[in-house]
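Please keep the sequence and the model in view while reading.

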Amino acid sequence: MICTSLQHKSFDEIESLLESGKVEMAEIRLDRCSLSIEEIQELFSFSDVPLIATCRIDEMMKSISRREAEALSEQRLVAAVEAGAKYADLEIEAPAPMGKRIRRACSEFGTILIRSSHDFRSTPPAATLRSIYDRCRAFGGEIAKIVVSATSWSDCERVLDLYQYAGEAASTLVAFAMGEAGRKSRLDCLSLGSPFTYASLSASEATAPGQWTTAAMISAVESYSGAFPLKRFEGKDLIMPASKSFAQRAVIAAALAEGTSRLEGYSPCGDNESAIAVAKALGAEVELADGGTLLIKGIGATPGCLSLSEINTGESGFLTRLMIPVLSAVNGGPVRINGEKTLLKRPLAGAHDIMASFGVRLIPSADTPDRGIVPESRKSDCFVPLTLNGPIIPGKAEIDGKEGSQLISGLLTALPLMDEKSTIYVENPRSIPYMFITLDVLKKFGVMVGSEMEGDEDFVENQNWSLCSGVTFKIKGGQRFKAADFRIEGDWSGAAAFLVAGAIFGSVEVEGLDTTSLQADISIMDILLEAGASMSQTESHDGNPATGPIHVRKAPLSPFDADLNNCPDLFPVVSVLAAFCPGDSHLLGVNRLRHKETDRAAAIVEMLSEMGVPVAVEDDMMAIKGMSLTQRIMTGNLLIGGKYTSWKDHRMVMALKVASLGADGPIEIDDTECVSKSFPRFIEMFDNAF
């Protein structure tokens with residue numbers, strides 16, 4: 001990235017520049033800008049542009065004593081850090097006590113500390129440069145900045161050799177030479193892994209000799225992209241569709257309820273329409289009013305109240321698993337569940353044993369379609385179509401949750417209808433947030449289920465889903481669903497692709513999401529923040545800070561580790577994010593991918609490998625070696641364009657579309673229609689975000 005150094009400017013001038021979109025990253029020279037502490041705090045708190053707070057002690061000593069300069073520099077840097085500065089730059093020569101205090105502030109407020117060294121006279125010997133680098137890292141520098149003065153290209157080579165010395169940590173080093181002799185090194189450092197380089201708005205505003213203008217630097221970088229010009233992603237006012245996780249649960253609950261429910265914010269997609277078809281098959285009356293409001297008159301469900309012979313759940317794996325227990329509760333006899341497309345090849349792992357715990361047999365249908373080669377380990381699994389032979393019997397059961405949460409959500413929906421109470425203990429729980437989405441929806445329809453999570457000391461202290469070792473659900477019997485009136489929240493799963501695209505390739509603003517959501521894929525926020533993306537949220541029109549627009553924009557990215565066991569739908573697009581984060585990223589949860597719409601683990605490995613991204617899978621972890629977008633451009637390592645398969649998986653389509661923004665040629669996807677399963681307007685919205 002290109003960081004524009006701003007000096008000798010007022011608050012209003014800086015604010016105007018940051019809002020103009022003319023700079024993708026900026027260094028604010030607090031030693032050369034006349035800003036009050038209040039203005040510093042406001043400046044670093046409002047902007048989405050990644051900002052570096054710099055305040056050189058030596059520069060301030062031109063007008064005040066060293067002691068005063070140190071005190072004022074610390075005050076200004078701390079003010080910027082506390083306000084939200086992305087980076088704080090502190091010279092390695094700063095007094096140790098000051099360094100400790102700045103370092104402590106950066107750690108507390110999540111600011112990346114740059115320890116910098118400047119030699120305005122010469123280029124030291126290689127051994128000295130390496131010693132300086134080691135000092136910068138040893139004294140808290142998450143990024144080491146080393147700038148020297150060059151009189152020849154050999155001087156530049158010495159400082160650029162530091163990238164080889166840094167090795168795997170090259171993306172945490174900013175090193176180049178000043179002066180006309182060092183001018184080219186300011187560009188070359190980007191190809192060696194530097195997260196950013198410095199430029200100025202104009203030649204007259206250069207902060208050091210040999211500095212490029214921002215416009216010239218951008219042009220120089222873009223010249224490396226070849227015949228296929230890369231586009232800047234600029235998604236604005238993108239309204240996310242309804243979460244199908246909430247919508248499907250709400251539609252079925254409304255169908256079971258007594259009275260007419262009003263569900264606002266509904267948006268159609270394949271899985272949601274399948275839920276509506278199932279609701280109608282149950283006997284509910286469904287009407288879609290203007291403005292995306294569903295009116296559903298329910299059946300007032302009671303145990304055994306229906307006499308259905310067959311029901312079709314479309315291509316929705318969740319809907320199928322939800323309806324197995326529900327139909328076992330409300331249907332008075334055996335009932336066949338059928339489906340279509342990829343659902344017919346997806347094993348209902350663990351369903352036999354789980355339903356047997358509550359007295360329900362799952363009987364394979366005689367007309368089971370040909371599924372091709374089924375792995376030996378999966379031949380005991382059941383597939384759709386199948387017949388349920390119940391009824392479901394309330395009671396106590398221990399369930400292994402390693403195969404996911406969907407069937408458990410069905411039990412939580414069905415068992416409250418039965419006459420007696422039930423208790424479910426889930427060990428090895430996965431996709432835990434989705435179970436609690438189910439409880440949240442049930443509560444809206446007047447059905448209460450108690451829950452208790454357990455884990456070790458780390459879980460008790462951090463309350464992290466991934467650290468939970470077991471969940472107990474206590475279900476009171478004899479409950480009835482009552483009609484509800486609420487808005488279905490927006491979909492974090494679909495939003496993830498737009499947010500990742502903004503973080504790598506430009507900027508994006510999405511609406512319709514709730515940052516207090518129980519949706520597992522809200523984890524994309526934590527992942528993007530750990531990777532270094534710039535993210536903020538503004539207040540909504542009704543004053544709710546949790547539902548306002550979310551802004552993400554390009555920033556220097558870093559490798560990350562993410563446990564995706566509870567949010568497997570994020571895996572494809574997060575793997576693309578990792579491909580643009582310099583270094584090794586590690587994604588856990590591979591085993592959760594084997595039986596989605598396709599074998600997503602195999603699909604992701606094939607996609608990345610064909611694109612030229614090193615990727616490896618070991619047990620439950622996928623390791624991806626990434627490279628920054630700028631370094632890819634300058635070294636000719638853009639992703640390889642060409643023809644790719646979506647594997648008929650909507651999440652793979654979304655990942656491929658994001659990847660296409662960083663490819664050396666067009667990416668052609670064999671099947672994009674499958675995206676209608678969750679987000680029919682995705683391709684249109686994505687292609688218009690330029």
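The notes below start with the basis of the model and then take up each topic in turn.

The model is predicted, so local features are described at pLDDT of at least 70 and side-chain atom pairs at pLDDT 80 or more, while totals for chains, interfaces and linings use all residues. Residues are numbered from 1 along each chain as its sequence is written, and side-chain values use heavy atoms, with hydrogens and water left out.

**Overall form**

- The chain contains 24 helices and 30 strands, where helices (H or I, at least four residues) and strands (E, at least two) are DSSP runs, numbered from the N terminus.
- Taken along the principal axes, the box filled by the C-alpha atoms is roughly 90 × 50 × 50 Å.
- Of the 690 residues, 58% are buried, a term that means under 20% relative accessible area, with exposed being over 50% and partly exposed in between (1.4 Å probe, protein chains only).
- Among contacts (heavy atoms within 4.5 Å) between residues at least 6 apart in sequence, 75% join residues at least 24 apart.

**Helix α16**

- Helix α16 covers residues 432-444, and its 13 residues reach 19 Å from the first C-alpha to the last, close to the 18 Å expected at 1.5 Å a residue; the expected span is 1.5 Å times one less than the number of residues.
- This helix is mostly covered, with 10 of its 13 residues buried, among them Tyr 434, Met 435, Phe 436, Val 441 and Leu 442.
- The elements against which the buried residues of α16 pack are the helices α11 (244-256) and α15 (406-414) and the strands β18 (422-427), β19 (449-455) and β20 (468-475).
- Just after α16, Gly 446 takes a positive phi of about 80°.

**Helix α4**

- Helix α4 runs over residues 66-83, and its 18 residues reach 26 Å from the first C-alpha to the last, close to the 26 Å expected at 1.5 Å a residue.
- Its buried residues include Ala 69, Glu 70, Ser 73, Glu 74, Arg 76 and Leu 77, and what covers the buried residues of α4 includes α2 (37-46), β3 (51-54), α3 (57-60), β4 (87-91) and α5 (96-109).

**Aromatic rings and charges**

- The whole structure holds 13 aromatic pairs, where rings of Phe, Tyr and Trp (its six-membered ring) pair if their centres lie within 6.5 Å, and planes under 30 degrees apart count as stacked, over 60 as edge-to-face and the rest as tilted.
- Tyr 133 and Tyr 165 form an edge-to-face pair, at 5.8 Å centre to centre and with 80° between the planes.
- Because Tyr 133 lies in helix α6 (residues 126-138) and Tyr 165 in helix α8 (residues 162-166), this pair ties together parts that are 32 residues apart in sequence.
- Tyr 133 is buried at 6% relative accessibility, whereas Tyr 165 is partly exposed at 34%.
- One aromatic cluster is formed by Phe 233, Phe 498, Phe 679, Phe 682 and Phe 686.
- Lys 444 lies over the face of Phe 486, at 5.4 Å from the ring centre, and Arg 632 lies over the face of Phe 580, at 5.3 Å from the ring centre; a charge sits over a ring if NZ of Lys or CZ of Arg is within 6 Å of the ring centre and within 35 degrees of the ring normal.

**Cysteines**

- A search of the whole structure finds zero disulfides, a disulfide being a pair of cysteine sulfur atoms within 2.5 Å.
- For Cys 33, the nearest cysteine sulfur is that of Cys 55, 10.0 Å away.
- Cys 33 is buried, with a relative accessible area of 3%, while Cys 305 is partly exposed at 36% relative accessibility.

**Two individual positions**

- Arg 186 lies in helix α9 (residues 185-191) and is buried, with a relative accessible area of 1%.
- Not counting residues up to four places away in sequence, Arg 186 touches residues including Phe 176, Met 178, Tyr 198, Trp 212 and Met 217; Arg 186 and Tyr 198 are 12 residues apart in sequence and 7.4 Å apart in space, C-alpha to C-alpha.
- Gly 612 lies in the loop between α21 (600-610) and β27 (615-618) and is partly exposed at 46% relative accessibility.
- Gly 612 and Ala 579 are 33 residues apart in sequence and 9.6 Å apart in space, C-alpha to C-alpha.
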